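This report covers side-chain contacts in one model, with a short note on strand pairing.

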Amino acid sequence: MKRKKRIPLTTVIVLLVILCVKLGQDLGSKELDTTSPNTVATHSDYGNLLDVVTASGEKEQTIHYKGMDISFNPEKHIPNWVAWELTADETQGDIKRTNKFASDPNVAGCGETWDYAYSGYDRGHMAPAGDMKWDREAMDETFLLTNICPQSKALNTGSWRTLEEKCRQWARRDSILYIVCGPVPSDKPIEYIGETRIWVPQAYYKVILSPYSTPARGIGFIMPNRKFSGGMQVCAVSIDSVESLTGHDFFHTLPDSLENILEKQCNFPQWSNLKNDRKK
């Protein structure tokens, strides 16, 4: 039987961005009114928003660290996803960064620090150290290689870091965010690195939920693992689009009526242009 030709991942990303721009325009006038008595909720009403249903077929070991939850793939030697909560108070921590990367001996398939040596790739944080300045243990655990993926320097020090910094600003504005990120699954990696043969992803995703802001907001991002122009805003997509591309199910404990609205949104200006969204 003749095998169907697969559409390149970069083409899929471009199509998703175009689709989400259109969806953002369509949904711009349909934002959730969280001031309604029927939509106001407390933290406990939504269950565990860090619970992710991992894509079928992906190997995983789930690890609960102090500041983040991780689904680690022992075959690819990188996480499937990393999920954490970021509050306004947590962004005010003063724990200093140490840069002491280490393998986690309790996790099968975890790579070693020397796998990255001379590889041409940065040791890219999924949950950033800057989000864990509220606690020394939480900070140190972000340097475990279970939370690390090979990233091009252009991505790691460019739009990926810019988005991390934006998330801290948004958390201060909205009081709390729920964030999940990781590599986009694909048939093939860019390459393998090190003796462990760590999988080098072709692209990365991040989904962000602000369920208690007014209005409630959700957005996703898909970024290729290379240099690209246009900044993080050209990578903005809906959470639904990230779910379709990765096979993971995010924020599924939300009520369906709320989840359907928030996961269809792709409105980058709504995130970046609201009052008080300024560097602090």
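A residue is called buried at under 20% relative accessible area, exposed at over 50% and partly exposed in between, with a 1.4 Å probe and protein chains only. The model is predicted, so local features need pLDDT of at least 70 and side-chain atom pairs count only at pLDDT 80 or more, while totals for chains, interfaces and linings use all residues. Residues are numbered from 1 along each chain as its sequence is written, and side-chain values use heavy atoms, with hydrogens and water left out.

**Salt bridges**

A salt bridge is a side-chain nitrogen of Lys or Arg within 4 Å of a carboxyl oxygen of Asp or Glu. By this rule the count comes to eight salt bridges.

Helices (H or I, at least four residues) and strands (E, at least two) are DSSP runs, numbered from the N terminus.

Asp131 is buried at 2% relative accessibility, and Arg168 is buried at 15%.

Arg136 and Asp140 pair within helix 2, where they are four residues apart and so separated by about one helical turn. Arg136 has a relative accessible area of 31% and is partly exposed; Asp140 is partly exposed at 33%. Salt bridges with shared partners also join Lys66, Asp135 and Glu137 into one network.

**Aromatic pairs**

Rings of Phe, Tyr and Trp (its six-membered ring) pair if their centres lie within 6.5 Å; planes under 30 degrees apart count as stacked, over 60 as edge-to-face and the rest as tilted. The count by this rule is eight aromatic pairs. One of them is the stacked pair of Tyr46 and Tyr212, at 5.4 Å centre to centre with 15 degrees between the planes. Tyr46 lies in the loop between helix 1 (9-27) and strand 1 (61-64) and Tyr212 in the loop between strand 9 (203-210) and strand 10 (217-224), so the contact ties together parts 166 residues apart in sequence. Tyr46 is buried, at 4% relative accessibility.

Tyr192 and Trp199 form an edge-to-face pair, 6.0 Å centre to centre and 85 degrees between the planes. Tyr192 is partly exposed at 37% relative accessibility, whereas Trp199 is buried at 10%. A charge sits over a ring if NZ of Lys or CZ of Arg is within 6 Å of the ring centre and within 35 degrees of the ring normal. Lys76 lies over the face of Trp199, at 4.6 Å from the ring centre, and Arg197 lies over the face of Tyr192, at 4.1 Å. Elsewhere, Tyr205, Phe250 and Phe251 make up one aromatic cluster.

**Strand pairing**

Two strands pair if DSSP finds at least two bridges between them. Strand 1 and strand 2 (residues 69-73) run antiparallel and are joined by four bridges. Thr62 has Ser71 as its bridge partner in strand 2. The two strands form a hairpin with four residues between them.
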